[in-house]
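The sequence and structure are shown first, and the notes follow.

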Amino acid sequence: MLKMVDIEYIRKKHFIEGWSIRKISRNLNVARQTVRKALQSSDIPKYNLSQNKPCPVMDPYKNIIREWLEFDKTQPPKQRHTARRIFNRLCEEFDFTGSESSVRRFIQLERNTTKEVFVPLTADWGEQAQVDWGRAKVYINDRLTEVCLFCLRLKASLVPFVWASPTEKLEAFLEGHRLAFEWLGGVPETIVYDNPKTAVTKILKGPYRVEHTMLSSLRAHYLFDSEFCTPSRANQKGTVENLVKYVRRNAMVPLPRVNSLEELNQKLISWCEKQRQTNAKNWELERLELRPLPASPFRCCKTNVVKANSLLLFQFERNYYSVPMDCGHKRLRVEAFVDKLEVYDSNKLVAVHNRSYKRGEKVMELEHYLPVIARKPRAAKNALVVRKLPEVYQKLRVMLCKRSPEGYREYAKILLLNMEYNFKDVLTAVEDSLKSGYIGLEHIRQLLISKGLRIKHTVKGVATNTLPNLDIPVDSPSKFNYLIGGATT
């Protein structure tokens, strides 16, 4: 092959000095065909392989490898052949004598020829947002905890919204949308999803889906449309896929240390606000095209029907929650939010509990069991709801029961003070009573009365005000002069 300096020499001799092709060939000792090629092009010489070089060791196995690679396309992504696994199978099943490096080179060439190509996507201002879930680990109260990250990103301006949730359940999916729309101050025209079970109950042919009823309700409330990616084609919502990775690498490194999930979300909102300010110009254009928010927010909860048992407990997702005495043995409606449970008897709200995501936990309110304890005072000694009270109550119980075999009766009466006064006030009075060394119902009640604390509400069978409302006239003191022999009036 001629070098570039040879081509330069040939072209100058021919075009400038007028040498013939034969003279150049004779002087340089190269073929006339080679001279003609040099005269046709001044480009740097390239080696063009007309046909693949034979590989007697690999050639008999190439079709086998191609079949395995093709079959891999139908298998789970994390359980497909690696180059080393293919090499080992060739050795074990076909007595392959070649090297692993030759197998790797062939597989790399095959995969490069079958790689998928894509089309860049865009959207108009306010036209589209994309939603996805991600996961990250944080320290909450010095305990390593995995949280779920609801991620929404506007396609045109790339403004992100990220919210940390303890779960990816339906109510969290709905809550994430509500919070995102309120933070953005508007609603995009269309939201793109993959195919989460919280949104899609059945995948039909093409773009058609059977959507979850609550997603339809959410769309009807905020008036946006939904689109779904082709299954296993997350690249169709690559804008939010990149956000999930970006927020983990930037907002969650190093691992945040917070006291609560609310504190973590405050940090995430601050991070999102910085991202919005970075894209301030594009954000202003997008903000003007968002649809307005409705007058009231969406109620982000799912409804379940439960039945309370004889222990005044109902089961919800492997945990138990208490209800008032009047609700025992009844069927109740539970509205499950991300952070709380609202319990209804028909249309009456009867209880509100903080939601637990543990297993086998009993979430109980003392107030629900006080009417039962009033009838069965001995239960106060070993009641689970009482044993869950602060340590001062346990000390009081032990001291009263040691002082008298029927100390549980006085202990039950002290517990019943929570029907008249706020729990924190009674707790403070019990603590003061223990510190003073004078324990007993009357002393604790006197502490509550002396502090001028107001009674919480009217208790059945107990008068909150035992004094009648009497109108006593106030007369002039001069009238008392008559009694001491002074002037008469």
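R32 is placed in helix α3. This arginine belongs to a positive surface patch, whose members are R22, K23, R26, R32 and R36. Two elements each supply two or more residues to the patch, namely α2, spanning 21-28, and α3, spanning 32-40. Of the elements involved, α2 provides the largest share, with three residues.

## Backbone features

Most residues other than glycine have a negative phi, and most peptide bonds are trans.

The loop between α2 and α3 contains N29.

P254 lies in the loop that runs between α9 (238-250) and β8 (257-258).

## Confidence in the model

The structure is a predicted model. The average pLDDT of the protein chain is 87, and 89% of the residues score at least 70. Residues 458-472 have a pLDDT below 50, and this stretch makes seven contacts in the model beyond near neighbours in sequence. Where pLDDT is low, the predicted coordinates should not be read in detail.

Key
Residues numbered from 1 in each chain as written. Predicted model: local features only at pLDDT ≥ 70, side-chain atom pairs only at ≥ 80, totals over all residues. Heavy atoms only, no water. pLDDT = per-residue confidence, 0-100. Contact = heavy atoms within 4.5 Å. Patch = residues over 30% accessible without salt bridge, like charges linked within 9 Å, V, L, I, M, F, W, Y side chains within 5 Å. Areas by Shrake-Rupley, 256 points an atom, 1.4 Å probe, with all protein chains shown as cover. Salt bridge = Lys/Arg side-chain N within 4 Å of Asp/Glu carboxyl O. Lys, Arg positive; Asp, Glu negative; His and termini not counted. Charge placed at Lys NZ, Arg CZ, Asp CG, Glu CD. Helix = DSSP H or I, 4+ residues; strand = E, 2+ residues; numbered from the N terminus.
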